Amino acid sequence: MQFEAKENGFVTHLSYGDLHVSGDEQYGFRPFQLMVSSIAVCSAGVLRKVLDKMRMPCTDMKVTADVVRNEEKANRIEKIHLHFIISGENLQQEKVKKAIEASRKNCPMVQSVQDSIEITESFELVV
């Protein structure tokens, strides 16, 4: 990826479109938003694949990410709690719990930050 400086941040040109990144939300996505988004969406995508392999396909999934940042240490991300809201048929609490554990182990974004950001998960099933 190549990023070009612009007046209030940076831009990269990707096949899907341009990605504008800036410390000021008026001019683009803030870097911490992109990091949290990457972790949340990667986790949810892997979870969806795991559920499919376990023959428990979901019909809908939402994920929320609650973030704790440390202002005293450059406003770094300390914790991210992911909450999955999963809809589908034949979803079983214990199997979904195991699927979330498997997705944690197989999500490249979670694995990339596992020693620096505390990631926790919870879920609810909607039928």
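1. In this predicted model, the charged end of Arg69 lies over the ring of Phe32, at 3.9 Å from the ring's centre; a charge is taken to sit over a ring if NZ of Lys or CZ of Arg is within 6 Å of the ring centre and within 35 degrees of the ring normal. Because the model is predicted, local features need pLDDT of at least 70 and side-chain atom pairs count only at pLDDT 80 or more, while totals for chains, interfaces and linings use all residues. Residues are numbered from 1 along each chain as its sequence is written, and side-chain values use heavy atoms, with hydrogens and water left out.

2. An open sheet of 3 strands has the order S1-S2-S3 with antiparallel pairing, where strands are DSSP runs of E, at least two residues long, numbered from the N terminus, and two of them pair if DSSP finds at least two bridges between them. Strand S1 (4–6) and S3 are the edge strands, each pairing on one side only.

3. Strand S2 (residues 9–14) runs antiparallel to strand S3 (residues 17–21), and 5 bridges join them. The hairpin that connects S2 to S3 passes through 2 residues, and the bridge partner of His13 is Asp18 in S3.

Technical notes
Helix = DSSP H or I, 4+ residues; strand = E, 2+ residues; numbered from the N terminus.
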